[in-house]
Amino acid sequence: MSRARLVAVLVGIILVLGLLVWLVGSVSQLYYSIALTSPMLANLLLFLLVGLFAVLAIVLFYYALQFTKPTQKKPLPTVPVEKVDAARENLRAVQQQIDQIEDEVTRQALASRSREIGESLSRREICVVVFGTGSAGKTSLINAIYEQITGQPGAGQVGAPMGTTIAESVVRLQLRGLGREILLTDTPGILEAGIAGTEREQAARRLATEADLLLFVVDNDLRQSEYTVLRSLLNIGKRSIVVFNKTDLYPQEDLDALLTQLQQRLQDVISAQDIVPIAANPQPVQLDNGEWLTPDPDIFPLLQRVAAVLRSEGENLVADNILLQSQQLSEAARQQIDDQRRQQAEKIVDRYQWIVAGAVTVTPLPGVDLLATAAINAQMVLELGRVYGCDINLERGKDLAISLAKTLVSLGVVRGAIELLSITLQTNVGTFLVGRAIQGVTGAYLTRIAGKSFIEYFRRNQDWGDGGMTEVVQEQFRLNQRDEFMREFMQEAIDRVVKPLVRE
């Protein structure tokens, strides 16, 4: 109990005791005066007064207990339950995805990130990230905020050349009335030249996407490159405040014009109140007497806006960010699994294209007819389906292979492949071998297009997409005409198909 509350209780007790002494004396006099004339009436009055005193004592005791109870601590803020549940469900699904990843390093990295997000579900901080170009004054801003809130000077290097902030730095702050601690993070500058600059920008963008609240610092009108970066962060739902720094360098007219221009450019993505002008590190000013005076940082409007956003939206910002991070991790795991499956599927296609080439070369057909190799391609479809977790039977695989073979013919892909490969073969193979070689090589090439098309079919959960099978086949035919692919394909075709014919 606090000292003030203890004094109040003691004073109250003394007053109550004084009143009780006076009341007992008064009641005694009243009782004796009535008892002289009517003892029964005096006893009834005494009984009523004793009962009243008992009730009063109970009431006083009850309220005294309530008064002396220790003040209950204000409950810690909690993020909205439905969003936390969604994040937890996402993380459970992500773990199932991670278990499917074969690469040990990637699996461990994603599992570690999953644990970090899981731990953040119960964290008590709000992550505010300061983001922008190296010359915008991010470190100056963090120093000014730190000094304004704590009364202690900031530790960041101010006025340093671009590229000085090579890694994130974090300070911890507490805003009055906010139940969470603030982690204020400085980031490397973006849009810097060179490989090192690109690497620092990637690190800064990663931190920005993990922020609960983003302070995007500029010192002039937005360049297109800055606008593109900001727009990409806003598109993923990142809550942002645009901080217009170094306002002390502009005449008032120019400053008003720049602010208006910024508000107009961003009016469809950021409200005007979230574009805040400040001067985090004002330049010294020469007084009339010749002395130089360095004004105090002018960041109060930004602190007001940040405090208002965090107090009104803080819990939702934390919840939204946790959900976003879990969704991004899920997408990263899905992409890794997709790459893994694609590599496995392409090995299958590569194997079957040369199986078909061998079958066609050994048993020449009147023209290149993929329907004759439908049984081989059906087996390829089954193996591709298993890679993508799709359970289909041989009959279904054969139907798909025949349908795609007919599509290749109807689109003129077979004729186009024969013409393309004939020209290439004639420059590498003797004329007497071209006739036999063209069938085997074309069979391999068309099987490759069919296999690549089936990979897309299974990647889309057994769906050809809006354009149907036709569009997928046309796209694969286009991709497999590229010069770099054709050189490698023809070299392998000569080794696998033509050279065995020569040895015969």
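Predicted model: local features only at pLDDT ≥ 70, side-chain atom pairs only at ≥ 80, totals over all residues.
The structure holds 2 cavities of 30 Å³ or more. Lining the largest cavity are Val128, Ile145, Ile149, Leu173, Leu175, Ile182, Leu184, Leu215, Leu303 and Val306. By class, this lining has 10 nonpolar residues, with no polar and no charged residues. Helix α5 (138-150), strand β3 (181-186) and helix α9 (300-362) each contribute at least two residues to the lining.

**Salt bridges**

Across the whole structure, 23 salt bridges are found. Three of them are set out below.

| Pair | Distance, N to O | Location |
|---|---|---|
| Arg113 and Glu116 | 3.0 Å | helix α4 (residues 104-120) |
| Arg205 and Glu201 | 2.9 Å | helix α6 (residues 194-209) |
| Asp219 and Lys246 | 3.6 Å | loop between β4 (213-218) and α7 (224-235); loop between β5 (240-244) and α8 (252-265) |

The Asp219 and Lys246 pair links distant parts of the chain, its partners being 27 residues apart. Asp219 has a relative accessible area of 21% and is therefore partly exposed, as the value lies between the 20% and 50% limits. Lys246 is likewise partly exposed, at 26%. Elsewhere, salt bridges with shared partners join Arg113, Glu116, Arg206 and Glu210 into one network.

Within helix α4, Arg113 and Glu116 are 3 residues apart, about one turn of the helix. Arg113 is partly exposed at 21% relative accessibility, and Glu116 is partly exposed at 41%.

In helix α6, Arg205 and Glu201 are 4 residues apart, again about one turn of the helix. Arg205 counts as partly exposed, with 35% relative accessibility. Glu201 has 14% relative accessibility and so counts as buried, the limit being under 20%.

**Surface features**

Leu41, Leu44, Phe47 and Leu48 make a nonpolar surface patch of about 450 Å². One of these residues, Leu48, belongs to helix α2 (residues 39-68). Leu48 is exposed because its relative accessible area of 52% is over the 50% limit.

Arg478 is placed in helix α14 (residues 468-479). The relative accessible area of Arg478 is 48%, so the residue is partly exposed rather than exposed, which requires over 50%. Between Arg478 and Val413 there are 10.0 Å in space, C-alpha to C-alpha, while the two are 65 residues apart in sequence.

Notes:
Residues numbered from 1 in each chain as written. Heavy atoms only, no water. Patch = residues over 30% accessible without salt bridge, like charges linked within 9 Å, V, L, I, M, F, W, Y side chains within 5 Å. Areas by Shrake-Rupley, 256 points an atom, 1.4 Å probe, with all protein chains shown as cover. Salt bridge = Lys/Arg side-chain N within 4 Å of Asp/Glu carboxyl O. Buried < 20%, exposed > 50% of the residue type's maximum accessible area, 1.4 Å probe, protein only. 1 Å grid on protein atoms, 1.4 Å probe; cavity = no way out; pocket = protein on both sides within 12 Å on 5 of 7 lines; lining within 4 Å. Points joined across faces, edges and corners; volume = space filled by probe spheres on them. Nonpolar A, V, L, I, M, F, W, Y, C, P; charged D, E, K, R; others polar.
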